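Hi,

Here is the structure I promised to pass on. Have a look, and then read on for what turned up in it.

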Amino acid sequence: MFVAAGKKRKFAPGSRSTAERAFAGQARTSSTHGPTPMGSAAGAIDAIRKYHALGQENVRERQYRAALDCYNRAVAIAMNEGVGRDARIYEARAHVLYKLREFGRAMSDAKEAIVLDGNSAAGYTQMAGILAATGKPRDALAVLERGLATVDNSASGYLHMETLRVSVARQLDPSSAAAAADLRIKTTDPTVWLPSDLAILILQNLDVRTLIVCRAVSKRWLALLDETPVLWCRPCFEPTTAISALAQQLPTYEKLQRWIKQRSGGGRIPDKILRFVFQKAKSSLVSATVPDNSPVSSRTLDALLALKRPCLKQIDISRVAEMRSDVVDRMLNGWCVPKNLTALKLPYCTNIDDDAISTVVRYAPGIRVLDISGCQRVCVKHMFRAWGSTLLDAHDSAAIEHLYINDHPGIPDLLVYSTRYRHFARLKTLHIAIYDQRVFSEFTSIFSLIEYMRRNQARAPHASASFPCLEELNIDGVWDTPGSSASFTSNILRGFVFHTKIFASGLKRLSAVESSEVDMNQLVETLNNCLPTLQTLHLTKATRMDAQMLTDFASRHRGPLPLQSLDLSGCVGISSHGLYALISCCSNLVYANLSGTAADNRVMGLFTQMARTASLSGIRALVLDMTDVTGAAVRDFAAACIERHRRLRAGSCAKRPWKLEILDIANCSNVGTDAVAVVRELLSPLGTQIMAAVSA
C-alpha cells in the first residue's frame, strides 16, 4: 500500500503517457530476470530517482495523475526502505496536486518540503500560490516575506519568489487596485492589463538603457521598475541584435565593427548609470558587469561592495584601474557567496596580481571561467602552484573550462608547462591572442622554455595533447610577429605553437587572424586532424597558403565539412580553384568573408546553388569586397535569395524565415551601377544591408 496514493483512477488502454509506457516496458523486461532488489539503500535511491524522472516526464506531457502515482511510489519507497527523504519529491508532488486542485494535500507536501530543506524556495512559492488561489492573498504575502527572510538568496527559485511577492503586494494595495480598475476602462497600458508578474517577465528582456527610458513613461512604470530588483539583477547594457551576432561571427569585418561602434557610442556607460543599476539590484544582483572603457569611480565600487550577500554568478569588470587584489579579496571573502560564482572576468585590470589568483583558489575553487587578459602582474607559474600542492599530482586540479589570457607575457609559460603538467586539462576554451605587439618584447627566457619543452618531448615523445577537451582556440596575432623583435626571427619560434600540442582533434572553433608568418606545412598537418569537426575557421592574411593546400583538404575529406563560419580575407595566395574546392565541401556555410581573395563567378555560383537548396541552412552574411565577381553573378545570387525567402515563408518555416543580413560587393571592378541597382531592388523585401562602392 503506497503512502497517500489518492483516488485510484482507471486509464483507458491507450491513455498512458509516452514515459509511462516506456517505464512499463522496462518493468516487463526486468521482471523476466527476477524482481529488482530493494534491500540495499543504493537500490532504493536508484528506484526513487527513476520514479522522479518518470514523474517529471509525465508533468511535461500534462499527465498529472500518472505523475502523482510516480511521486507516491517514490515517497513510499523512501519510507519503507528507511532512506533519507528528498525535499524535491515533495515539491514536485505539491506542484502536481496544485494542478489537480487538491489544495489541502498540496499544502501538506509544501510544508513537508520546507521542513526537509530550509532553503526550499519552491516550497514557499507553492504555499503562497495555494493561499492566493484559495482567496488568502495576505497570508500568501506573509509566507513569501518569511521565505525571503529564511531562504538563502543564492538558492534556486529565490528570484521567482521575490517576483511573486511584488505581484501579490501590488494586488493587495487598494489604491493601485482601484486605480487599475479605472485605468482598464480608458487606457491601453500593458502594465495595467497584464498581471504584475507577467509584466515583469516581459521587462526582464530589455537592456539597461531601455529600462531607464521606461522609468520616464509614467509614475506607474516608475514604481514598478524601482520596486522590482529582479529587473536589474542581470544588467544588459547593449541589446543583442542580428547585426551584433554577425559581428561576433565575423570579428575581422572592420566595416561592421565600425558601424556597431558608432551606433552604440563606443560601448561606454556613464559611471552614474552603473552606480544606479547596482543600487537598484540590491541583494538580487546576479552579474556584476562593467562594460569595456566605462569610467568607474571608487564611489561606484563602494556602492557595489555595499550590497549584502548578493547571489553573484559572474563578475565582469574590464579596464578598471581601481580593481585591485584587495578588492577581489573583499568580493570573495564574505561579500558574495563564492560557491555560486562561476565566472570571473577582469581583463586589462592592470593592478591585479598573484594575490587575486590565490584568493580565487581559496574561496572559489569551482570557478569555470577566468579572464586575466592583459593582467601582466599575474604570474603564470603562480597559477600552476596555486592549483595543486605538487605539480605532478595536480591532474585536472583546476575546474576552469574557459581561460582567456590575451596580451599576457606568460603565454609561452602556459603552453610549455601544459605539455607536462595537466592542471588545465579540462579547458574547452583557450584565448591566447596577441593584439598589442609590445607584448612580444615582454617574453623572457623563451629559449630556456623551448629547451625545457624539448626535454619533455624526448622523455615522452607520444604524449597526448596538452588540452584534450579543447573546443575553441584563439591565437590571433601569434603568427604575426614583428620583424624588429630579435627573439622571433628563427623558424623554431615561428612553429612554437605547434610544438606545444595545443590543437585537439575535436576542435570546433579556430581563430588565427593576422597569420602572415605561419608555417603552412605545420598548419596543414594540424588542420587535417581537426577539420572534420571544425565549425569556425578564421585564418586571415595567410599569404603562404595556396590553392593546392585547400584542394588537398577537399580531397582528403570527401564528405561535407561542418564549417559554418569561414573567414579567409587577405589570403591573396589562394586561387579561385582552391576556394571552389573548399567551399564545395561546406554546404552549411552561414557566414563567409572572402574579401581580398581571388573569388570569381565559379565561387559565386556555389553560393547561388546553396541559396536555391531549401534543405540547407542558407548564407546570412557574404563579404566579397575586392574580388573578381561580376554583376551577372551577383544578380543571379540575389534572385536565388529572394526566391528562397518566398519559398520558406510559404512553407513550414514561416515563423522564422531565412534572411540575408549583409552582402558586401564594394570595390568589385566588374560590378557596375546597373547591377547594384538591380540587386538592391531584388533584396529590398529582405532588408539586406548592401554595401557597394558605387551607389544605385
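Before the rest, some housekeeping. This is a predicted model, so local features need pLDDT of at least 70 and side-chain atom pairs count only at pLDDT 80 or more, while totals for chains, interfaces and linings use all residues. Residues are numbered from 1 along each chain as its sequence is written, and side-chain values use heavy atoms, with hydrogens and water left out.

Back to Ser515, which sits in the loop between β8 and α25 (helices are DSSP runs of H or I with at least four residues, strands are runs of E with at least two, and both are numbered from the N terminus). Its side chain reaches the backbone oxygen of Ala512 at 2.5 Å (a polar contact is a pair of N or O atoms within 3.5 Å; within protein, one must be able to donate a hydrogen and the other to accept it, and residues adjacent in sequence count only if both atoms are side-chain atoms). Leaving aside residues up to four places away in sequence, Ser515 touches Trp479, Leu539, Thr540, Lys541 and Ala542 (contact means heavy atoms within 4.5 Å).

Now the strands around there. β8 (509-512) pairs with β9 in the parallel sense over four bridges (two strands pair if DSSP finds at least two bridges between them), and Leu510 has Leu537 in β9 as its bridge partner. From β8 the chain goes through helix α25 (residues 520-530) to β9, a right-handed β-α-β crossover (with the strands pointing away from the viewer, the path from the first strand over the helix to the second runs clockwise). On its own account, β9 (residues 536-539) points Thr536 and His538 one way and Leu537 and Leu539 the other, and all of them are buried.

Gly506 is in the loop between α24 (496-499) and β8. This glycine is partly exposed, at a relative accessible area of 30%. Not counting residues up to four places away in sequence, Gly506 touches Leu470, Glu471 and Thr533; Glu471 is 35 residues away in sequence but 6.3 Å away in space, C-alpha to C-alpha.

Elsewhere, have a look at helix α16 (residues 271-281), which is mostly covered, with eight of its eleven residues buried. Among them are Leu274, Phe276, Val277 and Phe278, along with Asp271, Arg275 and Lys280. The buried residues of α16 pack against α12 (208-214), α13 (219-226), β1 (287-290) and α17 (298-305). Just after the helix, Lys282 takes a positive phi of about 55°.

Of the contacts with a separation of 6 or more, 77% come from residues 24 or more positions apart.

Cheers

Note on methods: Buried means under 20% relative accessible area, exposed over 50%, partly exposed in between (1.4 Å probe, protein chains only).
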